[in-house]
Amino acid sequence: MIVFAASDKGGTGRSVTSANLAYQRALAGDDVVYVDFDFGSPTAPAVFDVPDMQRGIEYGGLHSYLEGTVPEPARIDIWRRTEHTVLRRMPIGAGRLVLLPGDASGGEFVTDQDSVHRCVDLLLRLNAEFDLILVDLSAGRSYAMDMVLEATAGRELQRVVSRWVVFHRWTRQHVIAAAGLVFAERGLLEGGAERGHDKDALRSVIRFVRAAVPDPDSALWSHLSPAQFAWMQMYDEKLRRLAAELGVGDSVLLGTVPLEPILQWREQLITEEEVVATQIANKETLEAMEAIARRLTEDTHWGQP
């Protein structure tokens with residue numbers, strides 16, 4: 001299965017949340033590969049605490065592969081290469097967790113048919129090797145999005161299950177932007193149809209994740225005045241109505257991630273150690289990551305029996 005992680009804006013939590021989802025699926029026993037197609041900012045190694053490549057690999061990453069200068073992109077075994085003390089102790093029963101990084105000197109680039117063919121070949125080979133391919137795309141209607149839409153429209157990948165998760169923060173601008181990315185002119189649905197996707201079929205495999213969602217009842221907000229508490233509750237309800245009107249409401253929601261200080265400031269993986277031992281992360285955040293990770297492959301959350 002391929003899961004494409006998309007967002008209309010930067011700062012939505014797309015990369016850090018999708019990295020956490022990959023980690024959770026590997027903990028559950030799946031062989032998982034994280035493909036960093038965020039060409040303009042290939043910083044996934046920083047989330048996984050891989051040293052010496054905080055902004056991607058120097059040469060031989062996904063940019064080099066898609067441009068045809070290397071026959072295979074570099075692979076990073078997270079369990080072996082990370083400096084995260086918890087991840088270095090690979091749990092018994094865990095699956096593989098592999099990162100395909102971008103090039104540090106890369107950046108956004110116009111893709112052509114050759115790069116699309118290389119993308120198709122890569123995804124086919126990864127699908128034969130891994131249970132889950134999680135592809136992190138650049139924000140917005142990007143070259144990366146156009147490339148994978150064209151790649152997945154072809155007959156070679158038609159039998160491979162592909163799903164889309166669109167991330168947005170729980171604010172008015174981000175809700176509007178997420179809806180625009182999918183439904184507006186030149187959005188995901190229209191771009192997919194232009195490349196041969198059935199629009200209704202594509203719509204059926206798109207779900208949304210709300211990130212950095214404040215919970216007025218959380219201890220984080222215990223200092224609120226009665227007026228602030230009432231305003232937060234009122235505006236949360238307004239956002240819910242707006243999301244429903246724009247087609248990104250609860251009926252197509254895969255999950256929510258609470259507002260979490262260490263995700264905002266450090267953008268890292270949330271492990272049980274951060275929750276139980278050091279207590280720097282909230283239990284609700286870890287549980288949210290675990291739930292969304294499960295739902296990625298549960299058909300009932302994708303309109304299927």
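Author: Start with α10. Its face turned away from the buried side carries the exposed residues Pro226, Ala227, Ala244 and Glu245. Exposed is over 50% relative accessible area, buried is under 20%, and partly exposed is in between (1.4 Å probe, protein chains only). Helices are DSSP runs of H or I with at least four residues, strands are runs of E with at least two, and both are numbered from the N terminus.

Reader: What are the ground rules for the model?

Author: It is a predicted model: local features need pLDDT of at least 70, side-chain atom pairs count only at pLDDT 80 or more, and totals for chains, interfaces and linings use all residues. Residues are numbered from 1 along each chain as its sequence is written, and side-chain values use heavy atoms, with hydrogens and water left out.

Reader: Back to α10. Which residues are buried there?

Author: Met232, Leu239, Leu242 and Ala243. They sit on the same side of α10, because their arc around the axis is only 95 degrees. That arc is taken from the directions from the helix axis to the C-beta atoms.

Reader: What do the buried residues pack against?

Author: α7 (172-183) and β7 (206-213). Contact means heavy atoms within 4.5 Å.

Reader: And just after α10, which residue takes a positive phi?

Author: Gly247, at about 85 degrees.

Reader: Switching to charges. How many salt bridges?

Author: The count is 19. The rule is a side-chain nitrogen of Lys or Arg within 4 Å of a carboxyl oxygen of Asp or Glu.

Reader: Which residue does Asp236 pair with?

Author: Arg240, at 3.0 Å, N to O. Arg240 is partly exposed, at 34% relative accessible area.

Reader: What about Lys283?

Author: Lys283 bridges to Glu287, with the closest N and O atoms 3.8 Å apart. These two are also about one helical turn apart, being 4 residues from each other in α13 (residues 283-295). Lys283 is exposed at 51%, while Glu287 is partly exposed at 37%.

Reader: Which residues form a network?

Author: Salt bridges link Arg141, Asp146, Glu194 and Arg195.

Reader: Last topic, the largest nonpolar core. Which residues touch the most other members?

Author: Val35, Phe37, Val135, Leu137, Trp164 and Ile206, out of 52 residues. Another core lies apart from it, with 45 residues, among them Ala5 and Leu254. A nonpolar core is a set of buried Ala, Val, Leu, Ile, Met, Phe, Trp, Tyr and Cys residues joined through side-chain atoms within 4.5 Å.
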